[in-house]
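The sequence and structure are shown below.

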Amino acid sequence: MSQPRPSVRALSPLRSARPPRFPRLLAAVLLLTAVTAPGASAAGGPAAEEPAVRPLGRIVPVPASVQPGGAPFALTPSTRIGTDGSRQARAVAEQLARVLRPSTGYALPVTDRPSPGAVRLRLDSGERALGEEGYRLHSAPGGLTLTAYREAGLFRGVQTLRQQLPSRVERDTVQPGPWQVAGGTITDTPRFAWRGAMLDVSRHFLEAAQVKRYIDHIALYKINTLHLHLSDDQGWRIAVDSWPRLAEYGGSTEVGGGPGGHYTKAQYRDIVRHAAARHIEVVPEIDLPGHTNAALASYAELNCDGVAPPLYTGTSVGFSSLCVPKEVTYDFVEDVIGEIAALTPGRYLHIGGDEAHSTSHEDYAAFMARVQPVVARHGKTVVGWHQLTGATPAEGAVAQYWGLDRTSAAEKERVAAAARAGTRLVLSPADRTYLDMKYDENTRLGLSWAGYVEVRRSYDWDPGSYLAGAPASAIAGVEAPLWTETLSSDEDLDRMAFPRLPGVAELGWSPARAHDWEDYRLRLAAQGPRMEALGIGFHRSPQVPWPAAGSGD
């Protein structure tokens, strides 16, 4: 999934009643004027401070429908945040207040009582067309209203509201105003139901605080799924009471021989709660039957010869396998999946299935036939890497495609055929979405087995038509994996995930008709000061006309 190898391993958008009011070219010119100082080129150079009022909808991901018009709304010291009285609306309102109070210095009390000039959050049972995550934002001098059918929609709308305000609103110290939101209406729903980010905590262990920081940053871009890669050859990262040596011994190292680590059940629950509060569903992955050296080293009986191998700190893949014929293997799988399923309130459990080069095809098929029902018995839907389609995917299973543009036609057709037969697909083409790939030959971090992946390449493709022969209705969504063979710090994660992850998020959220590189690169450039304000040390790709560092702060 993440190493050199000889061979490669929905929701409909709410349609506008009319096209966006501004043609793309004019909108691009307006934003370029906003982020670039007189005389600066679109390829870079010094930039002016942010405009006091950001053009409506000039955010990431771009909304489905934008109707600008009228004077802006302004936050003032007397502004209140109103709700409809529901517990759900109040929870999101309190989150919004926690974002806005430090930078504005305003009290921003949350109230259920009507208040003139308020920011109002309301759930409306009549807005079914907005679906689970859609929202409507209406901004005018007399107030700003966010309306949604579900709580998740209010939360997504709050992320839009944040991006419409000056980037300094993200800082944790009082900043100068004004705090204005352009007038008009945004009506927005996601294109795909699955918009994911995968985080590998096995090659290098990441502390719970690091994972929660990553969750906070991906939530801003309307990501709704966090796929946690919890086990691999180099480390087992989750406590399992029935097999305690998995974490205690199997989790005691990492790539390069560092100390490793693992999450207690309490720490894992805390990560899941943190994600859920941001309407992100955690999908845990236990990679089987390959990528299992940490487990094999922890328990000799899981090996066919009964001999435990040493712990592994390298980066090669494909050499390990559970012993498929042994019954103890399925006791192990039952216990591990059962405990992790009990900890995870989400719908899915990922069983890996990739790069099982040391498992025969017959054994692989037999293993998947026994393991997939285990997942179902514990109330979860199976997710596996797309090699799962080489066996027989369970009914309702999700296959995660991570091949390349150059992957063989036969392998692509096998995945497409599974999709035609009912298997849903999450698209993670490695040469488009793998955030650990180097940007270019000068990138210090990352790998390059899938090629170099600059910002444009990660954005400039269409998930709906990417895999020939796979029906668009089978595409559950997209996911951007971040593997950690070369990454261990927050700074490393920032540098490789940003600014590519926001582009993948836009492919997942925004309607296909809105995808346009020249327009996107300008909206992404305007995210630079916001990422700086959030403390994200992003890669300043030369493909994007970034404002000068510190601009707009």
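## Strand pairing and the sheet

In this predicted model, Tyr 135 has Ala 148, in strand 7, as its bridge partner. The two strands concerned, strand 6 (residues 135–140) and strand 7 (residues 143–148), are antiparallel and share 6 bridges.

Both belong to an open sheet of 7 strands, ordered 1-9-6-7-5-3-4, in which the pairing is mixed. Strand 1 (65–68) and strand 4 (110–111) form its edges, each pairing on one side only. Helix 2 (residues 87–104) packs on the sheet and touches strand 3 (81–83), strand 4 and strand 5 (119–123). The direction of helix 2 makes about 150° with that of strand 5.

## Nonpolar cores

The largest nonpolar core comprises 102 residues. Leu 199, Val 211, Tyr 214, Leu 228, Trp 236, Tyr 263 and Phe 332 have the most contacts inside this core. Helix 8 (residues 327–343) gives the most to this core, supplying 8 residues.

What does Leu 228 contact, leaving aside its neighbours within four places in sequence? Its partners are Leu 199, Val 201, Val 211, Tyr 268, Ile 271, Val 282, Val 283, Pro 284 and Glu 285.

## Burial of helix 15

Helix 15 (residues 517–525) is mostly covered, with 8 of its 9 residues buried. The buried residues are Trp 517, Asp 519, Tyr 520, Arg 521, Leu 522, Arg 523, Leu 524 and Ala 525.

Notes:
Residues are numbered from 1 along each chain as its sequence is written. This is a predicted model: local features need pLDDT of at least 70, side-chain atom pairs count only at pLDDT 80 or more; totals for chains, interfaces and linings use all residues. Side-chain values use heavy atoms; hydrogens and water are left out. Two strands pair if DSSP finds at least two bridges between them. Helices (H or I, at least four residues) and strands (E, at least two) are DSSP runs, numbered from the N terminus. Contact means heavy atoms within 4.5 Å. Axes are lines fitted to C-alpha atoms, for helices over the stretch in contact, and angles run from 0 to 180 degrees between N-to-C directions. A nonpolar core is a set of buried Ala, Val, Leu, Ile, Met, Phe, Trp, Tyr and Cys residues joined through side-chain atoms within 4.5 Å. Buried means under 20% relative accessible area, exposed over 50%, partly exposed in between (1.4 Å probe, protein chains only).
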